[in-house]
Amino acid sequence: MAAATAVQTQLAAQQGTASKVISGVTKVTLTINGKEQAVSVEPRTTLLDVLRYQLDLTGAKPVSMDSSSGASTVLVDDQPMSASSLLAVACVGKKIRTVESLGGDKPDAVPAAFVAHDAQQCGFCTPGFVVAVRAFLDKHPRATEEEIRKGLNGNICRCGTYANIIQAAIAVVKGGK
Ligand code: FES
C-alpha cells in the first residue's frame, strides 16, 4: 500500500495531474536519448528493466540492485543516477541519457579516451564509468586527478582497471572536451 502511495504521489507531482493510483501494467512515456518512448510499466518496474528489456538499450548493466556498483549509471536531468534503483514511473517528465547517446559514428570524447587508454577489461563496469566520467567532467571540466578519483568513487571496477580509467578521464580534461 505504501509503495502504491509513493508511485501515486510521484506521478501526480511529475505530470502535474490530480492524484492517480497506478496498479498493474500502465503505459507511460519516457524521454530517452532525446526520443519519446512509450513503454509499459508496473509500479515496481525499474528504469533499468525498461532500458534493457523493452528498448534494447543494454549499456547500463544489472550488477547491483542497491546502486553500490555504479554499473547501471545513466543521466537523469543531467544527474548521474543508478537505473537499477529508480522506478520507471519516477522518470516520467525527466530527460534520460544512456551511454548509447555517447557512442555512434562520432563518439563522445569520454568513450574515445577509454578506447585510447585501454580502460576496460571485461567491460561490465565500463558503460557506467563512461557516463559517470562524462557527468563529472561536464561539471568539473578542469578537474585534477585527485578530484577525478573522488568524483568517481561511486563506481566500482572488479577487474581493477582504475589506473587506465583515471588516465582516460585526465586525457579528456587535457583535451578540453
Ligand atoms: S573492466 Fe571488468 S569490472 Fe571493470
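The model is predicted, so local features are taken where pLDDT is at least 70 and side-chain atom pairs where pLDDT is 80 or more, while totals for chains, interfaces and linings use all residues. Residues are numbered from 1 along each chain as its sequence is written, and side-chain values use heavy atoms, with hydrogens and water left out.

Rings of Phe, Tyr and Trp (its six-membered ring) pair if their centres lie within 6.5 Å; planes under 30 degrees apart count as stacked, over 60 as edge-to-face and the rest as tilted. The count by this rule is 1 aromatic pair. The ring centres of F129 and Y162 are 6.2 Å apart with the planes at 75°, so this pair is edge-to-face. Because F129 lies in helix 4 (residues 126-139) and Y162 in helix 6 (residues 162-174), the pair ties together parts 33 residues apart in sequence. Helices here are DSSP runs of H or I with at least four residues, and strands are runs of E with at least two, numbered from the N terminus.

Buried means under 20% relative accessible area, exposed over 50%, and partly exposed in between (1.4 Å probe, protein chains only). F129 is buried at 2% relative accessibility, whereas Y162, at 33%, is partly exposed.
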